[in-house]
Amino acid sequence: SGSGRGQTIFGTTINSFTFGGDFHSCNQLVFEHMTIAGTFIGVKWVKGGSSSWTDVEILGGYSAWYDTRDPNSCNTCPGQEGTHKFFGSTLKVTTTGAEVPGGNVFLNSCGKNWLWGSEIVLDATTTSAGNSNGFAGITSGGAGNEVHLYGSNLRLFSGNGSALQSITAIAAASGAQVHSHGTGIDVIGISPDKPEKLAK
């Protein structure tokens, strides 16, 4: 347990392509009242295990949260999903203009995730000219992978200083599931040459 967001901070935003936390099949990890930050990915979780996040701020430049199968093996994810629960937490990507093209604030490739009273945020007010691949708030892919939102918020926006061409709120593919209950979804995309709202 930490002393509060912005008070207890794990990770770094100084060096390029860093992870705030990199966990592999850990069980029953509990995080409370802290900030975890990485320039590339806030938290990367590999394979199974379980975690709980309460009043935690997770920050990244490409993804805030990324759960995935073990990249060093040929194993597929089904049957290896981790279980992760978020309470009153914030998962946020802020672009800098020097990021890799595209991104996913919440990238679910090997996990079952529940979020209560939490928020997923994309602040893409500045992106590089080469970043036209678009961003997604939640991307869930693969059978057995799930994201459940309860009383939460999904806020995605770009700005006049952004070269971002598209923003997708939620994407599910290949048997994955995303469930949204009592959740606010705001998507505001402002193209540099077309300053109107574009929602995809």
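Two strands are taken to pair if DSSP finds at least two bridges between them, and strands themselves are DSSP runs (E, at least two residues) numbered from the N terminus, as are helices (H or I, at least four). The structure is a predicted model, in which local features need pLDDT of at least 70 and side-chain atom pairs count only at pLDDT 80 or more, while totals for chains, interfaces and linings use all residues. Residues are numbered from 1 along each chain as its sequence is written, and side-chain values use heavy atoms, with hydrogens and water left out.

By these criteria, threonine 54 stands opposite phenylalanine 87 in strand 7. Strand 5 and strand 7 are parallel and share 5 bridges. Strand 7 also pairs with strand 10 (residues 111–116), again in the parallel sense, over 6 bridges. Here the bridge partner of phenylalanine 87 is tryptophan 116 of strand 10. In a regular strand the side chains alternate between the two faces of the sheet. Buried denotes a relative accessible area under 20%, exposed over 50%, and partly exposed the range in between (1.4 Å probe, protein chains only).

The protein contains 17 strands and 0 helices. An open sheet is formed by 6 strands with parallel pairing, in the order 2-4-6-9-12-15. Its edges are strand 2 (19–24) and strand 15 (167–173), each of which pairs on one side only. From one strand to the next the twist averages 15 degrees, where axes are lines fitted to C-alpha atoms (for helices over the stretch in contact) and angles between N-to-C directions run from 0 to 180 degrees. Within this sheet, strand 6 (residues 63–68) and strand 9 (residues 103–108) run parallel and are joined by 3 bridges. Tyrosine 66 stands opposite leucine 107 of strand 9.

Aromatic pairs were assigned to rings of Phe, Tyr and Trp (its six-membered ring) with centres within 6.5 Å; planes under 30 degrees apart count as stacked, over 60 as edge-to-face and the rest as tilted. The count comes to 15 aromatic pairs. Phenylalanine 23 and tryptophan 53 form an edge-to-face pair, because their ring centres are 6.5 Å apart and their planes stand at 70 degrees. Phenylalanine 23 lies in strand 2 and tryptophan 53 in strand 5 (residues 50–60), so this pair ties together parts that are 30 residues apart in sequence. Phenylalanine 23 counts as buried at 16% relative accessibility, and tryptophan 53 is buried at 0%. The rings of tryptophan 65 and phenylalanine 86 are also edge-to-face, with centres 5.1 Å apart and planes at 90 degrees. Both tryptophan 65 and phenylalanine 86 are buried. Ring pairs link Phe23, Phe31, Trp45, Trp53, Trp65, Phe86 and Phe106 into a cluster.

Buried residues make up 48% of the 200 residues. Apart from neighbours within four places in sequence, leucine 91 is in contact (heavy atoms within 4.5 Å) with residues including Ile58, Trp65, Phe86, Phe106 and Ile120.
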